[in-house]
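Reader: I am new to this structure and would like a close look at one part of it. Please take a single chain and describe how it meets its neighbours.

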Amino acid sequence: MDSSEVEFLAEKETVKIIPNFSLDRIYLIGGDLGPFNPGLPVDVPVWLALNLKQRQKCRIVPPAWMDVEKLEEMRELERKEDTFTPVPSPYYMELTKLLLNYASDNIPKADEIRTLVKDIWDTRIAKLRLSADSFISQLEAHAKLDNLTLMEINTIRAFLLDSLNCMYKLRSNLQPGSSKGQFTDY
Amino acid sequence: MFCEKAIELIRELHRMSDGQLPAFNEDVLRQVLQEMEALYEQNQTDVNEAKAGRAELIPSIKLRHCCLLRNQRCLTAYLYDRLLRIRALRWEYGSVLPANVRFHMCAEEVQWISQYKKSLASFMRSLGGGEGLDITQDMKPPKSLYIEVRCLKDHGEFEIDDGTVILLKKNSQHFLPRWKCEQLIRQGVLEHVMS
Amino acid sequence: MSDALSDAGSDVNQDDAQEDVMTPAELIAKLEEAWLNEKFSPELLENKSEVVECVMEQLSHMDANLQRVKKGDAKASIHRMEIDRIRFVLSSYLRSRLRKIEKFFPHVLEREKSRGEGDPSLLSPEEFAFAKEYYANTETYLKAVALKRMPPNLQTVDMLKAVPEPCLDSFVFLRVKDRQENILVEPETDDQREYVVDLEEGSQHLMRYRTIAPLVSSGAVQLI
C-alpha cells in the first residue's frame, strides 16, 4: 500500500474546526456536515478541515491528545513497556504530520509535539523490527498485533511479507512431492 | 550446447529494469526456432530407428525432447514477459505509447496491445450497468490541498473544480488546488512557488 | 444555496430505502472494506457489482445535481472533493481486481467455469468478458509469433500450468470484526505442533491467508 493511501484514510478522521463563515447543513454521500456558523466549533473530516484552513476559512482545534503533557506520558510508557501501548488515534502519525504541516499556527507548542510524536513512532518502529525479526527466526505461523497502526504495519509490510513468502517457497521445495508447480512462470 | 540461445533471451529481459522494453529480438527468436526444428527432425529419424530395434537411441531422444520443451518454455516466457511490460507501459503513459516503445515492438505485439486497449475500453464503458468509468484516471488519492503557483506563459482561462474561472496570464500568481495544477506544471505553464 | 444540493443526500437515501436498507454512508463503508480486502488478498475475491453500481449511481446523481448549481457555490466545491475521494476508491478497487484478473487469467476463468449452479460469481459480467478476451488475445499472440512456428507436437501451451496460481499461503494482516473461536494455526515446520487461536473482536493478527480466507468472504475479518 502506498503511504499516500494510508494518509488518504487518515483524512477521513474527524477533527473540530472553528469556521469564520456560515453555511447550511451539507448532505454529503458519506454523511451530513454542519451547519457552519462563525465562531461555533463543528466536526468535519480532516480533508475538509485542511482545505478550509488553507483557504483561511477556519481555525483547526487540535485533538485532545495532541498535547505536550499527554504525549510525554505516552512516550515514557512506550519506552517502558515491551509491548505496543495503545495509541490515541489509529492515525496518530499521519494526523500529526498533516495538522502540523498545514495548521501549525493553530497548534500550541507545535515543534515539541512534532518531536514527541516522532520519538513515540521511533520507539514503536524499533519494537516492530525486533518482533518481525523474532517472528521470522522462530518460524512463527501467527502473531497478534494489537495496537499497531496501519502506517506502522505499512512500514514493514512489503519487506516482511516478501521474506516470509520466499522462505516458505524455499522450505516447501525442500520437502519432496510438495511442489505444486507454483513457480512455473512460463 | 542446446537452449543457450533461448536463455540469452531470458537474460536480456532480466537485465532490463521493470519499466523498460528492449527491442524485439526476432533474430535470436528465429535461431531458437531453427534449433527446435533441427532437434525435432533428428528425433523423428531416431524414433523410427528406435522402433526398428535400436533401443540405445532412446536416451538421446529423451534429451532432445527435454531441450525442445525448455526452448518452448523460454520462448513463451520471453514473449509473455514482454506483454506484461507493454501492458504496464499502457497504464503508465496512457493509450498512446511513446514512439521509442512502439519502435521496439513487433507487429504481433502492436496487435496484442491494440486488442488489449479495446478490451479495457469496453470493460470501462460497461461499468456500473453501462454508465462507464475511466479507471485509468484517479491513480493517486486526491489531495484537497492548495499550492502557490506562478504562471510562466499566457495560457488563457482555466476553470477550477468549484466552478471559478481564473485567467492564467504570464507572471501572475495564483493559489490553486494542487491536483488541478500538476499537469500544467509538467507542461511548463505553471511553476510551484516555494514559500 | 440551491435546493438541488440541499436534498441531494436525503433524496437518494429514500430511493434506496425501498430496495435496500443500506444508507449511502454504509454503502461507502462497504466499498472501502472491499477496496482494502481486494488490495491485500492474494487471490481475486467475489465481485461486489451491486456495491459498484450503487456507488456509481450515487456519484452520477450528485454530479447531475452539481450541474444545476451556479458557479462558485461553496457547497459545490465540498461535494466535488467528496466525489473525487469516492471515485478514487472505486477506481482503485476496480484496478486491483483487473490486475489480478490479468495476472491469474486462466485460473480465474477455470474457477468461473467449474462454479456450481447458484454459487456466487467470482467475476462481474464485464470482468468475465474482459478475462475471456484477455485469454483469447494472449493465446492468439503466442500462437502467431512463436507456437505455430514450432514443431507440430509443441504448438500448444497449457495456460493453467504455465501461468502461476495465486499463492494462498501468503501471510496477511487482518483486523477482526466478529469474534471467532478455534481458528487452527498450522505449523511451519515438522517439529512444531498445530494450535488454535481465538480471534477477539477488534484484535489484529498476522497469519496465512489460507487459514482465514472464508472469514474474509463472510466479512468477519478485514484485511489491513
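Which residue is the bridge partner of A:H142 in β4(C)?

Author: The model is a predicted one. In β4(C), A:H142 has C:M207 as its bridge partner. That pair belongs to a strand pairing across two chains: β6 of chain A, residues 142-144, is joined to β4(C) by 3 bridges, and the two strands run antiparallel.

In total, 41 residues of chain C are in contact with 33 residues of chain A. On the chain C side, the elements that give two or more residues are α2 (8-19), α3 (24-40), α4 (49-67), α5 (74-103), α8 (159-162), β1 (171-176) and β4 (204-208). The largest share comes from α5(C), with 8 residues. By residue class, the side of chain C that touches chain A holds 21 nonpolar, 10 polar and 10 charged residues.

Chain C itself is divided by the domain assignment into domain 1 (3-103), domain 2 (110-162) and domain 3 (171-223).

UniProt, in an unreviewed entry, places the feature "domain: DNA replication complex GINS protein SLD5 C-terminal" at residues 166-224 of chain C. In the model, this span is 17% helix and 42% strand, and the C-alpha atoms at its ends lie 19 Å apart.

Along the principal axes, the C-alpha atoms of chain A fill a box of roughly 75 × 45 × 20 Å. Of the 186 residues in chain A, 28% are buried. Among the contacts in chain A between residues at least 6 apart in sequence, 70% join residues at least 24 apart.

Chain C also touches chain B. Here 34 residues of chain B are in contact with 36 residues of chain C. On the chain B side, α2 (26-51), α3 (58-93), α5 (107-125) and α6 (127-130) each supply at least two residues. The chain B residues on this side divide into 17 nonpolar, 11 polar and 6 charged.

Chain B has 7 helices and 5 strands, in the order α-α-α-α-α-α-β-β-β-β-α-β from the N terminus. The radius of gyration of chain B is 27 Å, well over the 16 Å that the globule rule gives for 195 residues, so chain B is more spread out than a compact globule. The box filled by the C-alpha atoms of chain B is roughly 90 × 40 × 25 Å along the principal axes. Buried residues account for 22% of the 195 residues in chain B.

Chain B carries a UniProt annotation too, again from an unreviewed entry: "domain: GINS subunit" covers residues 55-127. In the model, that span of chain B is 84% helix and 0% strand, with 62 Å between its end C-alpha atoms.

Notes:
Residues are numbered from 1 along each chain as its sequence is written. Chains are lettered from A and ligands numbered from 1 in the order in which they are written. This is a predicted model: local features need pLDDT of at least 70, side-chain atom pairs count only at pLDDT 80 or more; totals for chains, interfaces and linings use all residues. Two residues are in contact if their C-beta atoms, placed from the backbone, lie within 7 Å. Helices (H or I, at least four residues) and strands (E, at least two) are DSSP runs, numbered from the N terminus. Ala, Val, Leu, Ile, Met, Phe, Trp, Tyr, Cys and Pro count as nonpolar, Asp, Glu, Lys and Arg as charged, and the others, Gly among them, as polar. Two strands pair if DSSP finds at least two bridges between them. Domain bounds come from an automatic or database domain assignment. UniProt positions are given in the numbering used here, feature names are shortened, and annotations may be inferred rather than shown by experiment. The radius of gyration is taken over C-alpha atoms; the globule rule is 2.2 Å times the number of residues to the power 0.38. A residue is buried if 20 or more other C-beta atoms lie within 10 Å of its own, exposed if 12 or fewer, and partly exposed in between; C-beta atoms are placed from the backbone.
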